[in-house]
Amino acid sequence: MSTQHPVRSSDSRDADPRLQIAELTVRFGGLTALDAVSFEVGAGETVALIGPNGAGKTTVFNSVCGLVKPSAGRVTIDGVPAPASPTGLIRHGVARTLQGLGLFGGMSVLENVLVPLAAPGRSGRAAGPGRAGADAVTTATETLRDLGLDAEAQRPVDSLPYPERKRVALARALVTQPTLLLLDEPAGGLGAGDIADLSAIVRRVAASGCSVLLVEHHMDFVMALADRIAVLDFGRVIACGTPGEVQADPRVEEAYLGVEVAS
Ligand SMILES: Nc1ncnc2c1ncn2[C@@H]1O[C@H](COP(=O)(O)OP(=O)(O)OP(=O)(O)O)[C@@H](O)[C@H]1O
């Protein structure tokens with residue numbers, strides 16, 4: 001295992017990784033939130049970003065989505081700089097879920113999932129400027145069916161229990177048919193059954209070729225799901241590798257997994 005090196009499987013499947021984060025540094029005033037962070041996510045790979053609170057995980061996500069401007073380094077998606085606008089991200093095949101879900105409570109499940117399809121979409125993709133009518137409803141309905149939510153389509157989203165609202169948020173990301181899916185604590189607040197369902201969904205999404213980058217504190221979920229794990233501590237990648245490699249790394253135990261190691 002190495003530190004500050006790309007997270008990449010040895011049988012890399014792309015010339016350009018789907019997502020490449022290279023020497024990314026982000027400063028907020030005097031605070032260095034990210035310090036020369038580098039890792040990659042290849043096509044169809046699931047990479048988890050873990051680390052203690054304040055390590056910089058959300059800042060990585062925000063950098064990928066153009067919400068935070070790098071002080072140095074770069075983020076590229078399929079070899080080109082990441083777009084800075086929400087519609088640019090959709091066009092570029094990027095979708096994200098939020099820790100706070102960000103659903104429109106008074107709207108139905110279907111209406112929520114239709115929201116990104118009303119935005120200018122990507123050519124050749126389901127999402128697109130002219131697709132907000134019947135085609136969009138068909139696409140959204142299929143996505144809801146894939147996630148077992150079709151019976152809830154007309155219900156107000158705020159009438160659903162939390163695990164189902166979380167799945168609606170996932171449906172809203174998947175409806176754009178992303179090639180890079182960013183999941184922010186997808187297992188947070190879920191019980192064992194819902195986490196097992198979520199794992200199956202993410203595996204299916206990755207098997208279709210979509211790359212997944214997830215931030216998550218639920219270690220059993222991460223260890224079972226991720227191909228690669230990058231561990232952040234105080235804004236630096238302290239370890240990266242397979243779940244087995246990361247779990248066995250004493251630096252990770254010390255910084256995050258909570259087991260004291262001898263110096
Ligand atoms: N907009 C901002 N302005 C100033 N400091 C910020 C800003 N955003 C994040 N930070 C700081 O940057 C550091 C990294 O924060 P970040 O939210 O990325 O960590 P995190 O790993 O996602 O934490 P958590 O697990 O608690 O969500 C923290 O010290 C945080 O206080």
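Let's start with the parts list: the protein chain has 9 helices and 10 strands (DSSP runs numbered from the N terminus, with H or I over at least four residues for helices and E over at least two for strands). What you see is a predicted model, where local features need pLDDT of at least 70 and side-chain atom pairs count only at pLDDT 80 or more, while totals for chains, interfaces and linings use all residues. Residues are numbered from 1 along each chain as its sequence is written.

Of the 263 residues in the protein chain, 42% are buried, that is, they have 20 or more other C-beta atoms, placed from the backbone, within 10 Å of their own. Now take the contacts (C-beta atoms, placed from the backbone, within 7 Å) with a separation of 6 or more: 69% of them join residues 24 or more positions apart.

Zooming out, the chain splits into domain 1 (1–78 + 179–263) and domain 2 (99–178), with bounds from an automatic or database domain assignment. Where they touch, domain 1 puts in 13 residues and domain 2 puts in 9 residues. On the domain 1 side, strand 7 (180–184) and helix 6 (192–207) each bring at least two residues. That side divides into 7 nonpolar, 3 polar and 3 charged residues (Ala, Val, Leu, Ile, Met, Phe, Trp, Tyr, Cys and Pro count as nonpolar, Asp, Glu, Lys and Arg as charged, and the others, Gly among them, as polar).

Next, look for an open sheet of 4 strands, in the order 2-1-4-5 with antiparallel pairing; strands pair if DSSP finds at least two bridges between them. Strand 2 and strand 5 (80–81) sit at the edges with a single partner strand each, so one side of each has no neighbour in the sheet. Further in, strand 1 (residues 19–28) and strand 4 (residues 72–77) run antiparallel over 5 bridges, and Thr25 has Ala72 in strand 4 as its bridge partner. Helix 1 packs on this sheet, touching strand 1, strand 2 and strand 4, and its direction makes about 115 degrees with that of strand 1 (axes are lines fitted to C-alpha atoms, for helices over the stretch in contact, and angles run from 0 to 180 degrees between N-to-C directions).

Definitions and conventions:
Two residues are in contact if their C-beta atoms, placed from the backbone, lie within 7 Å. A residue is buried if 20 or more other C-beta atoms lie within 10 Å of its own, exposed if 12 or fewer, and partly exposed in between; C-beta atoms are placed from the backbone.
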